[in-house]
Amino acid sequence: MASSLRGKGSRQENTNDKNDNLKQLTLKQTPSGVASASPSEHESKILAELGKLREENREGHEQTRRSLTTLESSMQELKGEMAKLEKRTTEAEKRIGASEDNGMRHQRAIRYLLHREMDLTARCEDLQNRSRRNNLRIYRVPEGSEGNDAKAFVKELIHSVLQSMADVNIQIERAHRSLTAKPKNPNAAPRSLVVRFQDYSVKDAVLRQAWSQRQVLYKAEPIFFDHDYSPELQKKRAQVREVIKQLKQKNIRAKCIYPAQLRVITEDGEKTYSTLTHALPALRELGIQARVDERERMESELSRYRWSTAGERRGINPAVLSAKDLRAFFSGDE
């Protein structure tokens, strides 16, 4: 029994050894068999893969070439656009430069015209006031007192209310109410009487006598005599009188000098200002509020520039319009 078992065990061991030998033989033969059996198939796979890589490389190269061609075309288009923009920019700069030159030329022309307008306005104003030198205005005379003959009424009025004018031969050229609408309200201030004398000396004597009396009464009511100034000058003098009233409240003496100058009299002496604009700094120091029109400010600003001919200029004078500017305006030359 034991021998039989040993026999079976030895046979099983031999069987196992044979199987192990077969496995080892199979393992030894398989790689060599594969390597020896399929070398051409492996090379074919490698060649196929290389072919694919070559094809992909060729396609990538072609795509890169097309992209570069497109990029080059875009760059050429950009260059063309840049050239156009540069040209347009150059043209725009030229137009802007020309516009700036025209703007400066227009500014010089406007300043020149403003100077001319201011000068001509001042001359017209002066001529208007000179033409009124023989005129005199009488204020606060009730409406309708003159009846139908204003000349006779004014002559009788002067003889009766002015003390030393009774024997003076007064020659009146014409007399009438101021040319404004007759007030509808009976309590409104009456229109002034405008009187024109044939002789300026008589008018001056009447005015001086009226001022020397301090108070002139007609029918127990005060009336006033004054020069016949133009409306613009009356407005300026009213502004000066308003300042004088404020100065007197501060015990400062002041006068209104023709045409509308302000003379301030202090302990340090007298000082005359040609316009209220010139007097503004001094008035502010005194605590005086002065109302000045915008036009007067502009005229004061323009008056800082002196007139001169083109040959007398030293540099550019904004009050002079050069011959070049004139040619540009009339011929369109730049």
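**Close-up views of a predicted model**

View 1. Ile46, Leu47, Leu50 and Leu53 make a nonpolar surface patch of about 400 Å². To count for a patch, residues need over 30% relative accessible area and no salt bridge, with nonpolar side chains (Val, Leu, Ile, Met, Phe, Trp, Tyr) joined within 5 Å and like charges within 9 Å. A salt bridge here is a side-chain nitrogen of Lys or Arg within 4 Å of a carboxyl oxygen of Asp or Glu. Areas come from the Shrake-Rupley method with a 1.4 Å probe, and for residues only the protein chains shown count as cover. Leu53 sits in helix 2 (residues 39–131). Is Leu53 buried or exposed? Leu53 is exposed, with a relative accessible area of 51%; the cut-offs are under 20% for buried, over 50% for exposed, and partly exposed in between.

A quick note on what you're looking at: this is a predicted model, where local features need pLDDT of at least 70, side-chain atom pairs count only at pLDDT 80 or more, and totals for chains, interfaces and linings use all residues. Residues are numbered from 1 along each chain as its sequence is written, and side-chain values use heavy atoms, leaving out hydrogens and water.

View 2. Helices (H or I, at least four residues) and strands (E, at least two) are DSSP runs, numbered from the N terminus; two strands pair if DSSP finds at least two bridges between them. Strand 6 and strand 7 (residues 261–266) share five bridges, and Arg253 has Ile265 in strand 7 as its bridge partner.

**View 3. Leu283 and its contacts.** Leu283 belongs to helix 6 (residues 276–285) and is buried, with a relative accessible area of 3%. Which residues does Leu283 contact, leaving aside neighbours within four places in sequence? They are Val243, Leu247, Leu262, Leu276, Ile288 and Ala290, where contact means heavy atoms within 4.5 Å.

Conventions. Buried means under 20% relative accessible area, exposed over 50%, partly exposed in between (1.4 Å probe, protein chains only).
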